[in-house]
Amino acid sequence: MTVSGADPIATAHILGVILAGGTGERLGGVDKALLQLDGVALVSRVSARLAPQVGAVVISANGDPARFARLCDHEVLADEAPLGPLSGVLCGLDYAVRHGFSHVLSVAVDTPFFPKDLGAQLAQAGFALACDTAGDLHPTFGVWPVSLRAELRLSLQAGRRRLRGFARDHGAQECICGAPSAFFNINTPADMAGAEAVLRGETCFEPARDALVGDVLAHLDAAFSRCVGVETSAPDQAAGRVLAAPVRAQRASPASRCAAVDGFALGAGAGPWRLRVGRAAAGHPFQGALQTGQAVAILTGAQVPHGTQRVAMHERVIVTGDEVHAREGQSGGNIRERGEDFDAGEMLLPAGRRLEARALALLAAGVVREVAVCHPLRVGILSTGDEVKPVDQVRAPHEIADVNGPMLRSLVAGWGFEVVALGHAPDDESALRDTLNAAAGRVDVLLTSGGAASGQEDHLARLMQAEGRAQQWHVAMKPGRPLVTGQWRGMAVMGLPGNPVAAFTSAQIFAWPLLARLAGESYAPRIVTLPAEFSFSKRAGRREFLRGWLTDAGGRVAMHPSTSSAHVSSLAQAEGLIDLPETVTQVQKGDLVRFRLLS
Ligand SMILES: Nc1nc2c(c(=O)[nH]1)N[C@H]1C(S)=C(S)[C@@H](COP(=O)(O)OP(=O)(O)OC[C@H]3O[C@@H](n4cnc5c(N)ncnc54)[C@H](O)[C@@H]3O)O[C@H]1N2
Ligand code: MOO
Ligand SMILES: [Mg+2]
């Protein structure tokens with residue numbers, strides 16, 4: 001179903017719902033609604049901001065409603081089944097219908113500075129979620145028509161609890177309603193202190209620190225999801241593709257008891273055994289069963305006849321006439337039992353697994369004839385910069401060869417994605433716009449390099465913020481401080497920094513998990529922990545990735561002496577990235593370090 005907006009909805013027809021069901025875990029499990037910000041409970045602040053924007057206000061919260069009684073006289077609605085904020089919205093919609101409202105405007109109780117014209121902005125669309133000017137979606141802030149009730153209930157009953165997923169599936173628009181600071185939400189005691197400082201006018205919301213690597217990864221997880229379609233295919237035709245659904249064995253393996261060696265299938269008894277006429281070969285079962293004291297010749301892989309106790313290797317028996325005598329030293333049954341590798345119906349591979357040789361072998365063993373796989377993810381690679389030229393066009397000393405282009409194309413192809421080479425764009429906003437527009441029709445995701453920072457000729461973030469959706473990051477990471485993430489006309493975009501070592505590192509740390517997510521693939525970098533063969537000092541608060549390799553004797557990690565993000569030689573020598581966390585200031589020889597293996 002798609003709900004589209006026509007006329008804006010009158011304020012009197014909108015019911016305001018304060019979502020106050022969270023557990024406030026990072027604040028020690030307190031009820032956030034009751035937290036006092038500069039002497040006023042959050043629920044009261046949010047209610048005061050919401051009331052002028054709607055016809056009436058209710059609170060969605062579970063537990064004892066009396067706790068709100070001394071703060072406000074809003075009705076408190078408990079969830080039918082508490083399944084997160086979406087059940088709060090559902091409760092609000094039910095209440096809205098009973099009381100003659102046409103829409104719900106939902107807000108979160110822990111976000112006290114939301115825009116004063118939020119309702120008016122969202123109501124233009126009829127069904128919409130709020131996002132900020134940096135492109136971040138705030139799915140608890142939305143306008144919801146009551147007509148969504150039945151589908152929302154069904155969706156929750158089916159276990160789909162994500163606001164953004166439901167909203168996107170049902171055609172919600174995303175409206176830019178304010179600056180990121182307007183959606184500042186309180187999760188930790190430090191956020192509370194920050195919000196109080198803002199109220200006192202001592203500070204504004206500009207981030208005081210660079211984003212942590214973990215923050216950026218969490219944002220990627222929240223803001224992006226699989227974007228490619230799914231089809232069914234024979235496994236053989238799907239080599240290199242990603243499974244969209246788990247696969248179960250269609251048959252046990254082995255499907256029948258069979259011989260693990262060439263020799264004689266022996267029936268019960270201590271021997272000698274009387275040799276029967278005929279044999280059991282792979283693909284040609286012996287017709288008949290072995291009685292006590294009987295034997296029959298058998299070959300590796302053949303089904304063992306009924307009544308077989310064990311299979312003796314031919315080197316280990318003596319055959320005289322039609323009698324088989326066991327020699328000394330016979331051990332083991334030499335029989336592969338039915339289903340000893342896996343049983344019919346057993347899960348062989350999970351969704352998200354890429355079908356490489358080992359996976360394909362397993363599917364064949366399980367007689368799997370059809371799998372659901374994701375379409376390949378098309379990844380555009382674009383270099384930017386007036387100084388950057390293809391290698392065969394480099395002339396003047398102020399020109400440099402495009403290093404990032406070939407590096408990223410090879411990296412992305414090596415990860416198993418489909419590469420679309422998009423060449424190069426100059427440092428010019430209008431040319432970049434044209435390039436982005438052209439790319440949006442050809443690829444699912446675009447990786448750029450260069451122009452990701454905030455210099456005069458760094459256009460990517462500015463352009464995308466103005467005309468698409470973008471987040472410009474300063475990551476507390478070296479190399480790779482600048483990064484841009486966002487969307488352009490439905491295409492995911494990641495702007496990597498220009499310096500090649502930074503581009504490479506940011507690609508490993510951020511682009512790879514992003515691409516995997518978009519492609520429906522599970523992402524699992526290979527990381528080992530080994531003693532350092534070097535000592536090194538660094539600043540606290542920043543994650544650093546050094547280029548390193550395993551020492552000849554093995555078991556230790558050496559570092560390249562250069563930490564410059566422009567020294568490409570250090571990359572070529574590297575076998576991995578040494579990952580030094582934010583908290584570390586000193587590494588001594590012998591200390592354990594995390595080493596992310598490349599290739
Ligand atoms: N005032 C600040 N300046 C810079 C910051 C900062 O935070 N504040 N960050 C520095 C860091 S760290 C990096 S990394 C770079 C990243 O800059 P951009 O992503 O904007 O990239 P450019 O300015 O276009 O180029 C930087 C550098 O990289 C070379 N480059 C670019 N593309 C390629 C390519 N395809 N092949 C080879 N080399 C390339 C380019 O020539 C520049 O030398 O910004 C710092 N500045
Ligand atoms: O990303 Mo920059 O160093 O890290 O050159
Ligand atoms: Mg720059």
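Buried here means under 20% relative accessible area, exposed over 50% and partly exposed in between, with a 1.4 Å probe and protein chains only. The model is predicted: local features need pLDDT of at least 70, side-chain atom pairs count only at pLDDT 80 or more, and totals for chains, interfaces and linings use all residues. Residues are numbered from 1 along each chain as its sequence is written, chains are lettered from A and ligands numbered from 1 in the order in which they are written, and side-chain values use heavy atoms, with hydrogens and water left out.

**Whole chain.** The protein chain holds 13 helices and 37 strands; helices (H or I, at least four residues) and strands (E, at least two) are DSSP runs, numbered from the N terminus. Of its 599 residues, 47% are buried.

**Helix H6 and its cover.** Helix H6 spans residues 189-199, and its buried residues are Asp191, Met192, Ala195, Ala197 and Val198. Strand E2 (36-37) is among the elements that cover them.

**Ser47 in helix H1.** Ser47 lies in helix H1 (residues 42-50). Ser47 counts as buried because its relative accessibility is 9%. Leaving aside residues up to four places away in sequence, Ser47 touches Ile18 and His74; contact means heavy atoms within 4.5 Å.

**Magnesium ion (ligand 3).** The protein donors of this ion are Asp458 (OD) and Asp458 (OD), at 2.4 to 2.5 Å. Donors are N, O and S atoms within 2.8 Å of the metal (3.2 Å for Na, K and Ca); water is not among the atoms, so sites may look incomplete. Asp458 sits in the loop between strand E26 (445-449) and helix H11 (460-467).
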